[in-house]
Amino acid sequence: MFKKAFQTVTLKRLHKKSQKQGRNVLVNTFNTAKSAAILWYPEDDGAMESYEHMRKVLTEHGISARGLALVDSEDEKETFSKASHSRFFTGKEIDWKGNPRMDDLKSFVNTKYDLLLDLSISELIPLQSILVNSAASFKVGWKEPENNFYDLTVEISGKKNCRYLTEQIIHYLDYINRID
């Protein structure tokens with residue numbers, strides 16, 4: 001019960017912060033972006049493959065990519081860090097207000113990435129905290145309408161999995177390229 005109340009309070013804080021930010025959204029695509037951050041959650045079905053695929057696509061477009069993934073424990077953090085080109089963090093590295101505690105997480109959210117791509121399909125407060133706090137110019141992902149912190153939301157409710165979300169993000173960023 002305490003955990004549910006904590007989540008509700010934190011989500012309300014994130015919504016307020018998101019509304020007050022007054023961000024200047026700059027639409028970036030594969031043609032215009034130079035840097036990208038990828039948020040992901042290894043427990044989601046197909047997450048590792050989707051993350052690696054997205055990194056490869058970004059690299060092919062000359063975009064430097066940095067990954068950040070939420071893990072459930074310090075043991076997982078150590079295990080996954082050997083398997084991927086990503087930084088891993090636990091929920092304990094986010095304070096009760098939804099702000100990063102660790103300097104490298106603060107650095108991550110303060111970096112002005114051209115794109116922030118959220119490949120997670122699980123609604124998790126620590127990932128949403130990173131998303132809201134991020135200084136990224138253009139944020140893309142999928143979420144339920146009540147917790148939408150994105151500039152571009154990709155609809156995947158009919159096929160809710162990481163692979164499909166990744167394919168759709170690539171499709172829409174490529175489509176926007178053609179419109180430019």
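The paragraphs below go from the sheet to a helix packed on it, and then to the core.

This is a predicted model, in which local features need pLDDT of at least 70, side-chain atom pairs count only at pLDDT 80 or more, and totals for chains, interfaces and linings use all residues. Residues are numbered from 1 along each chain as its sequence is written, and side-chain values use heavy atoms, with hydrogens and water left out.

Six strands make an open sheet, ordered β3-β2-β1-β4-β5-β6, with parallel pairing. Strands (E, at least two residues) and helices (H or I, at least four) are DSSP runs, numbered from the N terminus. Two strands pair if DSSP finds at least two bridges between them. The edges belong to β3 (86-90) and β6 (152-153); each has a single partner strand, so one side of each lacks a neighbour in the sheet. β3 pairs with β2 over five bridges. A69 stands opposite F88 of β3.

Now the helices. α2 lies across β1, β2, β3 and β4, and runs at about 175° to β1. Helix α4 (residues 103-110) lies across β1, β2 and β3, at about 130° to β2. Axes here are lines fitted to C-alpha atoms, for helices over the stretch in contact, and angles run from 0 to 180 degrees between N-to-C directions.

Which residues of α2 are buried? They are A47, S50, Y51, M54, R55, V57 and L58. Buried means under 20% relative accessible area, exposed over 50%, and partly exposed in between (1.4 Å probe, protein chains only). Seen down the axis of α2, the buried residues fall within an arc of 165°, so they line one face of the helix. That arc is taken over the directions from the helix axis to the C-beta atoms. On the other side of α2, K56, T59 and E60 are exposed. G62 follows α2 and has a positive phi, near 75°.

The largest nonpolar core has 29 residues; W40, M54, L58, L115, L117 and I169 touch the most other members. Such a core is a set of buried Ala, Val, Leu, Ile, Met, Phe, Trp, Tyr and Cys residues joined through side-chain atoms within 4.5 Å. Among the elements supplying at least two residues each are β1 (35-40), α2 (47-60) and α6 (162-179).

Beyond four places in sequence, W40 touches residues including Y51, L70, F88 and L127. Contact means heavy atoms within 4.5 Å.

T166 is in helix α6. T166 counts as buried because its relative accessibility is 2%. Leaving aside neighbours within four places in sequence, T166 contacts S50, H53, M54 and L119.
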